[in-house]
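Okay, thanks everyone, I'll keep this short. Have a look at the structure first, and then I'll walk you through a few spots.

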Amino acid sequence: MVESALLAFGVLVVLLTLGVPLPYCFGGGIMVMVFVGGATMKGAMLWGFGQLSSPVLLAIPLFVLAGTIMSSSGIAGALLKFVDVFVSRIKGGLGVVATVSCAIIGAISGSGLTGIAAIGPILIPEMERKGYPRAYATALIANSSILGLLIPPSVTMIVYGWVTDTSILACFLATLGPGLFIMLAFSAINLVWARKFPLVLDEPVSFGGFVSEASSRALIAVPALVMPVLILGGIYGGVMTPTEAAAVSVIYALPVGFFIYRGLTMRALFEAGKEAGTAVGAIMIMILFSLILSQMLVLQNAPQALVDTIFGFTTDRTLLLVLVNVMLFLLGMVVNDITAIILVAPLLMPLMQAIDVSPVQFAAIIGVNTAMGGVTPPYASILYLGARIGKVKVTQVIRPAMVLLVVGYLPVVFLTSFWPSLSLAIPTFFGY
């Protein structure tokens, strides 16, 4: 059975590298399981469609729509101006603004692409004007956009909780600690790196002038800042489910975008709806086929066979965690985070339980690993979008992006695996 599963994965990877659309890649893996592994298609399609009708998954299109509305409504600009007032006169402060703003936007949209789409067009030209190399500014914002996949609410954690039958609220909180660590790491690296750039800083002002400026910008930013408070407060206060919070975020973003910041027009709303519908349609088709393949593997007892095979080589917990991290990282390089979670989480869950890793900690481990794929070629969807928005070549962006990844991100990946409190302390505090 392990051989059949490995062959299915092999076919999947080969088709992916050939550029075949994702549903057909999973279809190839399904064919291997049917013709080689002895799996059956009887009821598989009906089961898959039944799973897609889950109310939990409704949160995905709603958060995607909220993110696309936010990108064109002026909410992101208000957040940027508010954060900027505190650090604009510090060398490297504008880079910190970029990182923190991506974290805040992640707490609104639940997506990695929203950060670069909403902040990139505003901040990349401004950072270049202040003396940052354009490629570096693009890489910093693209890497910081990963925080949208880790700072709750997170679309990937909704999918993980649904697939593994784990509390989605606990999964949200599990990635919060690693996400905040990464935000601090990127900010610190930027402050050190920025010393090499000929930056232009804002003129210093008196304390009274600073208070006046901060107060005026805070007043403008209040409607934007209410959005993450409303979403997270509603979820963790027990008032709303994640799906209901996603719906509220859309309802709240509409009047704020139309009447307060006035960046949202009917045409922009139509484009946002079309973009969200296209993205969600692709996601749902991909989820359907990956669900069928993962369910076939589970029904054929492939997870337990995989555990037995791995334990035949080693039972060392540290080595197994390192191998799992490497496998998740490599998988994230060729498929997106949602696909990787649906495909791998059911397979690896028995192994995690066998080595005493809780489902909540595993949520953080799989979350931080698969999120890296957004900026790691060949998949690197966030990095490619950033290069297009920043109007620079991908080859120019890769070097600073990889430095940020290796120095600031990878240490947090291993801390998440070997220091359980990083991912479990906040869920435990809230009683999960």
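Predicted model: local features only at pLDDT ≥ 70, side-chain atom pairs only at ≥ 80, totals over all residues.

The largest nonpolar core has 146 residues, and the members that touch the most others are Leu-123, Met-127, Ile-141, Tyr-160, Ile-287, Phe-362 and Tyr-409. Helix H14, residues 266-299, gives the most to this core, with 14 residues.

Take Met-127 from that list. Leaving out anything up to four places away in sequence, Met-127 touches Leu-94, Gly-95, Ala-98, Tyr-132, Ala-137, Leu-140 and Ile-141.

Asn-325 sits in helix H16, which covers 317-332. Buried or exposed, then, for Asn-325? Buried, because its relative accessibility is 2%, and the cut-off is under 20%. A polar atom of its side chain lies 2.7 Å from the backbone oxygen of Leu-321. Again skipping residues up to four places away in sequence, Asn-325 touches Ile-365, Asn-369, Val-413 and Ser-417.

Now some backbone geometry for you to check. Pro-152 and Pro-153 are joined by a cis peptide bond, with omega about 0 degrees. Pro-153 is in the loop between helix H8 (134-144) and helix H9 (155-164).

Then there are positive phi values in residues other than glycine. Arg-262 has phi near 60 degrees, and this residue is in the loop between helix H13 (242-260) and H14. Asp-356 has phi near 65 degrees, in the loop between helix H17 (337-354) and helix H18 (359-371). Arg-262 is exposed at 66% relative accessible area, and Asp-356 is exposed at 67%.

Technical notes: Residues numbered from 1 in each chain as written. Heavy atoms only, no water. Helix = DSSP H or I, 4+ residues; strand = E, 2+ residues; numbered from the N terminus. Buried < 20%, exposed > 50% of the residue type's maximum accessible area, 1.4 Å probe, protein only. Polar contact = N/O pair within 3.5 Å; in protein donor to acceptor, adjacent residues only side chain to side chain. Contact = heavy atoms within 4.5 Å. Core = buried A, V, L, I, M, F, W, Y, C linked by side-chain atoms within 4.5 Å.
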